[in-house]
Amino acid sequence: DKDKLLSSYFNGDPEGFLREHGFNESNVSLLTSVPEVEQQINEEFCCSVCFDDVEPSRTTTLEACKHIFCNDCWKENLDLQISSGHTLDIVCMQQGCNELVPPHIVQKLVSIEMEIKYNNFLGKTFVENSKDIIWCPSAGCER
């Protein structure tokens, strides 16, 4: 049941949940850790979105697919996605790549205001995808 899975993941121990559902130790650490991605470039990098040359320290690489873009392009894309209500379905900017952008990347690159909006949308997504949880019916409550 989708609702039970969502509830046990968000309300319990995510690592334990993943192990319980067949993920091995290496997969669990990949999904739940905040990796420090090694920078594979030592000189300026040309971002394939904006074509600016940027210092390696101003880039972010997705661990899963190894696609790299400048932080400014990441931030612009994430701001647009979050403003449109996207959370769990934000994917890599590389054309044809469907790797999801992990929450720790979002939190690293967006402003505090945008992170709050992201977390609010994330909560709404959880409630809307759960048949056992509903919003308070009182007008204006939003709980």
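Which residue forms a salt bridge with Asp72, and how far apart are the closest N and O atoms? The partner of Asp72 is Arg58, and the closest N and O atoms of the pair are 3.4 Å apart, where a salt bridge is taken as a side-chain nitrogen of Lys or Arg within 4 Å of a carboxyl oxygen of Asp or Glu.

The model is a predicted one, in which local features need pLDDT of at least 70 and side-chain atom pairs count only at pLDDT 80 or more, while totals for chains, interfaces and linings use all residues. Residues are numbered from 1 along each chain as its sequence is written, and side-chain values use heavy atoms, with hydrogens and water left out.

**Overall fold and burial**

The protein chain contains 6 helices and 4 strands, which follow one another from the N terminus in the order α-α-α-β-β-β-β-α-α-α; helices (H or I, at least four residues) and strands (E, at least two) are DSSP runs, numbered from the N terminus. Of the 143 residues in the protein chain, 28% are buried, a class that means under 20% relative accessible area, with exposed meaning over 50% and partly exposed the range in between (1.4 Å probe, protein chains only). Thr59, placed in strand β3, is buried at 5% relative accessibility. The C-alpha atoms of Thr59 and Trp74 are 8.6 Å apart in space, and the two residues are separated by 15 residues in sequence.

**Salt bridges**

| Pair | Closest N and O atoms |
|---|---|
| Asp72 and Arg58 | 3.4 Å |
| Glu63 and Lys66 | 3.3 Å |
| Lys75 and Asp79 | 2.7 Å |

Both members of the Asp72 pair are partly exposed, Asp72 at 48% relative accessibility and Arg58 with a relative accessible area of 40%. Glu63 is likewise partly exposed, with a relative accessible area of 33%, and Lys66 is partly exposed at 42%. Lys75 and Asp79 are 4 residues apart in helix α4 and are therefore separated by about one helical turn. In this pair Lys75 is partly exposed at 29% relative accessibility, whereas Asp79 is buried, with a relative accessible area of 17%.

**Cysteines**

The count of disulfides is 0, a disulfide being defined as a pair of cysteine sulfur atoms within 2.5 Å. The cysteine sulfur closest to that of Cys70 belongs to Cys73 and is 3.5 Å away, which is too far for a bond. For Cys97 the closest cysteine sulfur is that of Cys65, and at 3.8 Å this too is too far for a bond. Cys70 is buried, with a relative accessible area of 3%, and Cys97 also counts as buried, at 11% relative accessibility.

**A negative surface patch**

Glu43, Glu44, Asp52, Asp53 and Glu55 form a negative surface patch; such patches are made of residues with over 30% relative accessible area and no salt bridge, like charges being joined within 9 Å and nonpolar side chains (Val, Leu, Ile, Met, Phe, Trp, Tyr) within 5 Å. Among the members, Asp52 lies in the loop between β1 (45-46) and β2 (53-54) and counts as partly exposed, at 44% relative accessibility.

How values were computed. Accessible areas come from the Shrake-Rupley method with a 1.4 Å probe; for residues, only the protein chains shown count as cover. Lys and Arg count as positive and Asp and Glu as negative; His and the chain ends are not counted. The place of a charge is taken as NZ of Lys, CZ of Arg, CG of Asp or CD of Glu.
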